[in-house]
Every structure is written in structure tokens, then in C-alpha cells.
Amino acid sequence: QLPCTVRDLSEAAGVPARDIQRILMEEGVMATINTPMDPELTEFVAAELGMDVDFLQPETLEDKVLRRLDEIEDDEKDLQDRPPVITFLGHVDHGKTSLLDKLIGIDVASGESGGITQHIRAYQIEKGDKKISFVDTPGHEAFTAMRARGANVTDIAVIVVAADDGVMPQTEEAISHARAADVPIVVALNKMDLPGADPMKAMTGLSQNGLQPSEWGGDVEVVKTSAATGEGLDELLDTILTVAELHEYKANPNRSAIGVCLEATQDADQGVQAKMIVETGTLRIGDIVVCGDAYGRVRSMSNTLDKHQKMDEAGPTATVNLTGFDVAPPAGERFYVLDDVAQAREIAEARAHQTRSEFLGQTGYQHVTLETLFD
Ligand code: GTP
Ligand code: MG
């Protein structure tokens, strides 16, 4: 902690304060136990004592409060089955959005400007008596962060590879995001209807990237699909659901919600809109939420498939468009529900302050100020 006093160093080093005072005295510094020392002096004294010092940044209020929420361990008996989250990843134009449209019976692909996905989308749907959450990510090389975000919230990654094109740079990138997130991978070998489709070449590319197709004796399910003809779509869904069932995903719906902001916008007409996915707990209208440097009370939630369908609550892996934040929360940031609006404001302001001071290149000292203010 900075500035470090003689007492701080004495306690941290387990050395009597008078030993430190003696070293300082030899340097011509008359010190009491409350005398602060700058980092150079602290290091000098420590070196005289035969020690190394590490200056740790003190934990901030937000770290403390939010970490406590993160660390709540659910009782086994409170855990319930939750819908899986399935993220579609892959190279641009390989058919992610078209496949997802077909799977859930919507049409997003044809309305996209330039035929290119530029947003991360998330939908929770019901198939039979089961819910499933899907996340669609853009394949254009510019949107690496969105692919990483999509992979980070998912349980299963569906890597979409166009059979006429094979494994391409963002296919490889998608595979590495899925690996980093440590989630099972299912491959949709799409555009099988095209005359140029070359599944052998595509599967060779996959195995060169460490994804050994099951039909070649490996452990990766490669499902041949066509979003144009509908071929293989049932099999793709079955494969995904089989993988999901093997994992028995659980969460505790009866706790305060934690989740991730996938995307947020702020404009004059609509105000702040945030696309959120709930990971655990249940989010309700009126809940106090904090997400990065944004906070507020949940004013409204609507279904991401149909904005006219309002929701009062959103349980584990539900996807919602939410209003109520004061400013647009940063995409990829986790949100938390707190009991105390003043605390939520403090945390959001501290974050905003931190972002500003990082921007100004003067981190560190502010943290101490906050710590002393709020502790
Ligand atoms: P980005 O999100 O921009 O990365 O693209 P995407 O992977 O979502 O691809 P999208 O679904 O937008 O499809 C790209 C183009 O391929 C569109 O013109 C689709 O109609 C077409 N397409 C997608 N799947 C198939 C398929 O199975 N067969 C054929 N013939 N065309 C397909
Ligand atoms: Mg798309």
C-alpha cells in the first residue's frame, strides 16, 4: 500500500519498527512509526533488511463487493437444471446466421446490411419442453472481441465451416476461442448443397487444427448441413442437445443474478439498451444492477426475439434486452445485482474514475484514495 509507513513495513516484513527507524536514522531520516516512505525509500530499507518488496494494489471496494458475490458457493440442493448456451462461431459468410435462423425459425440473415453480421446476438428459445440459448457471433475478421465474448459465455461452441471454402483464418481463430473457453466443440459443415462442396478437404483442414472428425475415429462430431435445403439441421440440433445432456448444466435460480452484458447502446430516442445474458440467479424488474461503470434499476426487460414481449424476470441463461442503466455498460462486462443503490453508484463511479485515470496513465494512486475513502 502506498505510501507505506514505518509501521506498514514493520508489519508486512515482521521486523520491529525500531530496526527500520535505525536504518532510516543512518540515512539521516528521523522517523516515527507513522512516517510515510516513498517507494524508493521503502525498497532501500527492505534491501537493508535483506528483503524484496512487491507493491500490491489494494483491493478496491468494487473488487471486494463483487468478488464476494462471485464467490458465493451454491448449496448442491439449490442447484437446478438450466438451459445450455450454444454459440455459433466461424469464418465470415460460412452460414452461422442462416443456420441459426433455420434452427429457430426466424429470419435475421436476409435483413443484415451487406449480408454481414456486425453484432453479437442472443436468443433463448423453446424446443419441445426444453429451453436452449443461442448466441450468434460475426465472422468478419474485425470482430474478434465479439467472438471471444461469445465463446466466453457459452457451454458448447458450434464451429460453422462452409464445405466449399473449408477452414479459413477466422475458423482457426474461432477454434482457438473455443479452446481458450474450454468448451466442447461441434462442427457444422455447411453449404453441402453447393456443387463446389468438398467435405474431405474441409475435414482435413479441421484435423490439421486438432479437430479430429468422429467419422475418422476422432472425438469431434462433424454434422453436414445446408441452411439452404435444411439438410442436417435436425441432426445438428440433436448432436448439440446430446452434448448438452452429457454435461447436465446447473445453476441456482434463487439467488441474486450475475451475468454478462453482450452489447449495449445509448441513443437519444431509446435511451440505454443493454443485451444481457443471465448466468446464475434470477434478474427481476426493480433489481439494482451494476455493470462496469454503469448502474441502475432494471426498468424493463424484453425478449431478444420479440421486443414487444415484456419479461418480469429472467432466470439462468435467459437473454434479455434491458433498460434502466444510467449509461451503456461495456460489452463483455459482468453484471451483478446488489441490495444497495448507493453502493451500486459508488462502485460504478469508482469504475468510471478508474477508467478515466487509466486513460490518463495514472493508475495506482487513485485506488488508494478510494480504499481509504470507502473502507
Ligand atoms: P457473418 O455473420 O457475416 O460471418 O456470416 P454468416 O456466417 O452468418 O453467414 P450468413 O448466414 O449470413 O450466410 C452468408 C451467405 O451464405 C448468405 O447469402 C446465405 O444465404 C448463404 N448461405 C448460408 N448457408 C448456406 C447453405 O447452406 N447453402 C447455400 N447455398 N448458401 C448458404
Ligand atoms: Mg452472421
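This is a predicted model: local features need pLDDT of at least 70, side-chain atom pairs count only at pLDDT 80 or more; totals for chains, interfaces and linings use all residues.
Strand β5 makes a handy bridge to the next stop, the largest pocket. Here β5 gives the most to the lining, with 3 residues. It is joined by β3 (80-81) and β17 (313-314); each of these strands, like β5 (121-127), supplies at least two lining residues. The volume of the largest pocket is about 460 Å³, and 22 residues line it. Nearest its centre you will find Gln124, Glu126, Lys131, Met311 and Ala318. Sorted by class, the lining of the largest pocket has 9 nonpolar, 7 polar and 6 charged residues.

Now let us turn to the ligand. Which residues are the closest to ligand 1? They are Lys96, Ser98, Thr117, Asp193 and Ala227, out of 20 residues that surround ligand 1. Helix α5, which spans residues 96-104, gives the most to this shell, with 3 residues. The shell around ligand 1 divides into 10 polar, 6 nonpolar and 4 charged residues.

In the side chain of lysine 96, an N or O atom is 2.7 Å from an oxygen atom of ligand 1. Lysine 96 is also among the closest residues of the shell. For serine 226, the distance from a side-chain N or O atom to an oxygen atom of ligand 1 is 3.5 Å. Alanine 228 takes part through its backbone: one of its polar backbone atoms is 3.5 Å from an oxygen atom of the ligand. How much of ligand 1 does the protein cover? On its own, ligand 1 has 640 Å² of accessible area, and the protein covers 79% of it.

Terms used:
Residues are numbered from 1 along each chain as its sequence is written. Chains are lettered from A and ligands numbered from 1 in the order in which they are written. Side-chain values use heavy atoms; hydrogens and water are left out. On a 1 Å grid over the protein atoms alone, a cavity is a set of points where a 1.4 Å probe fits but cannot get out, and a pocket is an open set with protein on both sides within 12 Å along at least five of seven lines; lining residues have an atom within 4 Å of a point. Grid points are joined across faces, edges and corners, and a volume is the space filled by probe spheres set on the points. Helices (H or I, at least four residues) and strands (E, at least two) are DSSP runs, numbered from the N terminus. Ala, Val, Leu, Ile, Met, Phe, Trp, Tyr, Cys and Pro count as nonpolar, Asp, Glu, Lys and Arg as charged, and the others, Gly among them, as polar. A residue is near a molecule or strand if one of its heavy atoms lies within 4 Å of it. A polar contact is a pair of N or O atoms within 3.5 Å; within protein, one must be able to donate a hydrogen and the other to accept it, and residues adjacent in sequence count only if both atoms are side-chain atoms. Accessible areas come from the Shrake-Rupley method with a 1.4 Å probe; for residues, only the protein chains shown count as cover.
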